[in-house]
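Please consult the sequence and the structure shown below. The briefing that follows is arranged by topic for a reader who is new to them.

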Amino acid sequence: MIADGAALWRIARDSEVLDLNSSYSYLLWCRDFAATSAVARDSDGRPVGFVTGYVRPDRPGTLLVWQVAVDADHQGRGLAAALLDGLTRRVGAEQGLTTVETTITPGNTASERLFTSFAERHGATVEREVLFDAGLFPGAPNGQHDPHDPEVLYRIGPLS
């Protein structure tokens, strides 16, 4: 739902871990990739967590998970895992999935645990390789170097 875009932006910002995209991009994501994303809501219907993704155009059996975040007040309850499982089940039923991919920066142990446990639950292996080396990322807009850690691709499959 497009109206969720602002809340997803806030949750991503407050995570202090994710690369924060523009608020505009979260609105577009909620419009154009709603079918390959999922939002968790509290009892009042407010978004408290999300997973965004898309099916890779050149690999229609692969779901690339872009971001996963859960509001701080709702962490530690398995919500991220439930969102990821639910999304892959739904997309798999609609389009047939064999593989899930994501990128994780070194040291993001929460994401490493989330995706390795996902692989275990789904009887899949995890292949890791650097997708984007740190040197590929541009510097800060002010011209100073704004180092970005490499993005390590996690390829999880085949899913059972």
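**Briefing on the predicted model**

Apart from its neighbours within four places in sequence, aspartate 71 is in contact with Arg10, Ile11 and Val48, where contact means heavy atoms within 4.5 Å. This is a predicted model, in which local features need pLDDT of at least 70 and side-chain atom pairs count only at pLDDT 80 or more, while totals for chains, interfaces and linings use all residues. Residues are numbered from 1 along each chain as its sequence is written, and side-chain values use heavy atoms, with hydrogens and water left out.

**Aspartate 71**

- Aspartate 71 is located in the loop between strand 3 and helix 3; helices (H or I, at least four residues) and strands (E, at least two) are DSSP runs, numbered from the N terminus.
- The relative accessible area of aspartate 71 is 14%, and the residue is therefore buried (buried means under 20% relative accessible area, exposed over 50% and partly exposed in between, with a 1.4 Å probe and protein chains only).

**Salt bridges**

- Side chains of opposite charge can pair when their charged atoms come close.
- The model has 14 salt bridges, each defined as a side-chain nitrogen of Lys or Arg within 4 Å of a carboxyl oxygen of Asp or Glu.
- One of them joins the side chains of aspartate 4 and arginine 41, at 2.5 Å from N to O. This pair links distant parts of the chain, 37 residues apart: aspartate 4 belongs to the segment before helix 1 (5-15), and arginine 41 to strand 1 (residues 38-41).
- Aspartate 4 is buried, with a relative accessible area of 5%, whereas arginine 41 is partly exposed at 38%.
- Another salt bridge is formed by arginine 10 and aspartate 14, whose closest N and O atoms are 3.6 Å apart. Both residues lie in helix 1, 4 residues apart, which is about one turn of the helix.
- Arginine 10 is partly exposed, with a relative accessible area of 29%, and aspartate 14 is likewise partly exposed, at 40%.
- Arginine 56 and aspartate 58 also form a salt bridge, with 3.1 Å between the closest N and O atoms. Arginine 56 counts as buried at 18% relative accessibility, while aspartate 58 is exposed at 55%.
- A network of salt bridges links Arg56, Asp58, Arg59, Glu101, Glu127, Glu129 and Arg155.

- In helix 2 (residues 23-32), the buried residues are Tyr26, Trp29 and Cys30. They cover an arc of only 95° around the axis, so they lie on the same side of helix 2; the arc is that of the directions from the helix axis to the C-beta atoms.
- These buried residues of helix 2 pack against helix 1, strand 2 (47-56) and strand 3 (59-70).
- The exposed residues Tyr24 and Arg31 are carried on the face of helix 2 turned away from its buried side.

**Helix 3 and helix 4**

- Two packed helices are described by the angle between their axes and the distance between the axes.
- The axes of helix 3 (residues 79-95) and helix 4 (residues 109-121) come within 11 Å and cross at roughly 50°. Axes are lines fitted to C-alpha atoms, for helices over the stretch in contact, and angles run from 0 to 180 degrees between N-to-C directions.
- Helix 3 is therefore oblique to helix 4 (angles under 35 degrees count as roughly parallel, over 145 as roughly antiparallel, 65 to 115 as roughly perpendicular and the rest as oblique).
- The contact involves Ala80, Ala81, Leu84, Asp85 and Thr88 of helix 3, together with Leu114, Phe115, Phe118 and Arg121 of helix 4.
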